[in-house]
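Have a look at the model below, and then we can walk through it topic by topic.

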Amino acid sequence: MSAHPVEPREHEKLEDDWSATTSSSLAEEQEQGLLGGWKELGDTAVDGSPRARRTARGKLAAFSVCTGIILLLLSLGDLVFLIRSHPRSGPITGAGITSNDYILDPEWDQSAPAQRREYTWIIRDHIHNPDGIYRPMILVNNQFPGPIIEVNESDTIVVHVENRAVNATSIHWHGMYQNGTNHMDGTTGVTQCPIAPGQDFTYEFTVSGQSGSYWWHGHVGVQTSDGLHGPLIIHGRNEKALQKMPYDTDRVILLSDHYHDLSSALLWQYLMPDMENAEPVPVGALINGKGVRDCSDFPDRKCDNMAATVGMPRIKLDRNKSHRLRIINVGAFAEFQFQIDEHEMAVTEVDGTDVHPVSYHRLNINPAQRYSVVISSDVTSSDAFWMRARMITTCFTDAPKTMQADALAVVAYEDAKVSDPTSKDWEERLEQECRDMNTTDLVPVEAMVAPSEPDAAFYLRSNFEIGAYRLSRGFFNQSSWRPSADSPTLHRAIDGLGTGNETFQAVDEGNHTNDGRAFVNDQAFDDKRELVIQTTGTQVVDLLVSNFDDGNHPLHLHGYKYFVLAQGHGYPLLTHVGAAIDKASLAPLYETLDLSNPLRRDTASVEAFGWILLRVVMDNPGTWAFHCHVSWHAEAGLLMQFLTRSEELATATIPQANLDLCNAQKIMRGMGPDDSVYKEFAK
């Protein structure tokens, strides 16, 4: 379906007329929210605490002054990433918003013939109160969290997106290989232009060679945090055989950190001069889009904690059965420790890879990661238990006084007589570090030996640096990503490769063409803002990432799963202290690797001041993002790309519908700010 403006239907026109006469206050509240809070009380946040990030290690000027400058810039039209309320129709209020419990159909037929699964999604701006506090949100089909996509391996997914929000958007299908459909990956600036306000676009791709638990989310700015996300479940043809613990029921559990302000306002503050990578701290957390806060703690916010969509979720389980829980961290920042009191959890899947069951009391899960666990409802001490999702708060700076770190749900057996659980917490010490859980015991069911040697190896330093205008930005080596929303990498690569442009040819030190090796393409791309590693043919590539930042980075690779070969703190094993990082000096590390059947996943974390070694078989034609899935970090520039099987792209074409997206007006709406807009703030 090509991108084109669509006239509103009759009921939409009526809705607009209603909004014009009754939603002016909501529109004003939304606009105020974009500027850092619906109401400002001098140096105090709307929750009564000192303004989180105000001092950001002691240097941020008074926010009221900033607001005045922002308004001045808005009047000049410089801050296109800040959305304004529509002149006629403001955001829709919370009435009619539905929630999801994500219980999967026990009668689902995994052996059904391959078919097209078709969906129509309407994206709109809303005012909603997931924990009682009203805030602006961006939702699909009036649902929070968003609708589930449930298909079989080999099915074709077709999603018709109608963008009726005031910002541009795109949808990324997290973990999908997209083999042959790279242009459907949904990554703004990499594989597509965004879907402008008022435009339609259809995503269509066939799921092949993968199954398990995945998710979808917005990929413009930090729209995921505004409600634009939901689960994507793929049933494998031999799912029951690959899951080594049988189960009677199957459901999805979404964990998310939660903010009371729109992400574009938080992003603006985070990227300001002198912030020194002080990430916005969530005020709480949600389980399947629900939580509950005491309205009296937020006297200056509109609050209703008695609504049907507010409150602790209640998860009912039949007694003496086994239950699969697909746990997905859809948040922007926080790592969670997840548990169900008095119930051991057997991990059976990691990011779509089935693993032999290993039991844990608690599960650490970073943003974008997924784990399936199987629990047994046979505990006799009670009939109701706490499900706890705890944010690891030691990784936060300047947490607001009103932050509630734990999200709770009630797990109740059938006919439970207890409303509030009295279950016992596990006695083990809670994790204090943000890092991946130890996954060395998790062995894939489908054994796959990692290639014995890489064809190429790249050493990447991840860190934050202070640059122009005293801005803190994320870097891989000397590159900090800045997207070209109207000229995606894929489009430029196909154009260049298709015309035989010499900047896409590898050249060695003697200026001789060498098309067979992987290389950093700094000729076709400006590597200061686009670090692109290009490959030809199928190549095995090792990535050693050293993190020189004091924060954890969950690293997600689009279009692939990688082998997680090793990870740790400090420096990897070297021949001697101070040795330069290269294949020779890393010999002690490579000698210790177990390549027999390492874990395969698409999101693994490099801990603060730590390192990780990944091995990827680069065999999927396209341009693929590799980035930190802390959304704030990606927006600060911590993203690079792989241009793989580039010879295949020389004969590829971009569908007209994708090209039409790039010609639409307002495609920059919702994109992050250019660094230059902060010039006045740095004086």
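Strands here are DSSP E runs of at least two residues, helices are H or I runs of at least four, and both are numbered from the N terminus. Two strands count as paired if DSSP finds at least two bridges between them.

**How to read the model**

- Residues are numbered from 1 along each chain as its sequence is written, and side-chain values use heavy atoms, with hydrogens and water left out.
- Because this is a predicted model, local features need pLDDT of at least 70 and side-chain atom pairs count only at pLDDT 80 or more, while totals for chains, interfaces and linings use all residues.
- The mean pLDDT (the predictor's confidence in each residue, from 0 to 100) is 88, and 85% of the residues reach 70 or more.
- Please take care with residues 1-89, where pLDDT stays under 50. For this stretch the model has 175 contacts (heavy atoms within 4.5 Å) beyond four places in sequence.

**Strand pairs**

- One of the residue pairs to look for is Y459 with its bridge partner L544 in β24.
- Elsewhere, β14 (residues 345-350) and β15 (residues 353-360) run antiparallel and pair over five bridges. M345 has Y360 of β15 as its bridge partner.

**Helix α6**

- Helix α6 (residues 489-498) is mostly covered, with seven of its ten residues buried. Buried means under 20% relative accessible area, exposed means over 50%, and partly exposed lies in between (1.4 Å probe, protein chains only).
- The buried residues are T489, L490, H491, A493, I494, G496 and L497.
- Their cover includes the strands β23 (532-534), β30 (622-628) and β31 (639-644), along with the helices α9 (646-649) and α10 (656-662).
- After α6 comes G500, with a positive phi near 70 degrees.

**Nonpolar cores**

- A nonpolar core is a set of buried Ala, Val, Leu, Ile, Met, Phe, Trp, Tyr and Cys residues joined through side-chain atoms within 4.5 Å. The largest has 86 residues, of which F338, M387, F626 and W632 touch the most other members.
- Apart from this core lies another of 29 residues, including I123, V151, V159 and Y203.
- Beyond four places in sequence, the contacts of M387 include I253, I287, I315, L325, F338 and V411.

**A closer look at E349**

- Which strand holds E349? E349 is found in β14, and with a relative accessible area of 0% E349 counts as buried.
- The side chain of E349 reaches the backbone nitrogen of G352 at 3.0 Å. The side chains of E349 and R324 are joined by a polar contact of 3.0 Å. A polar contact is a pair of N or O atoms within 3.5 Å; within protein, one must be able to donate a hydrogen and the other to accept it, and residues adjacent in sequence count only if both atoms are side-chain atoms.
- R324 and E349 also form a salt bridge, with their closest N and O atoms 3.0 Å apart. This pair links distant parts of the chain, since R324 lies in β12 (residues 322-329) and E349 in β14, 25 residues apart.

**Other salt bridges**

- The structure holds 28 salt bridges, each a side-chain nitrogen of Lys or Arg within 4 Å of a carboxyl oxygen of Asp or Glu.
- D602 and R370 form one of them, their closest N and O atoms being 2.8 Å apart. D602 sits in the loop between β27 and β28 (603-606), and R370 in β17 (residues 370-376), 232 residues apart.
- Both D602 and R370 are buried. A salt-bridge network links D351, R370, R601 and D602.
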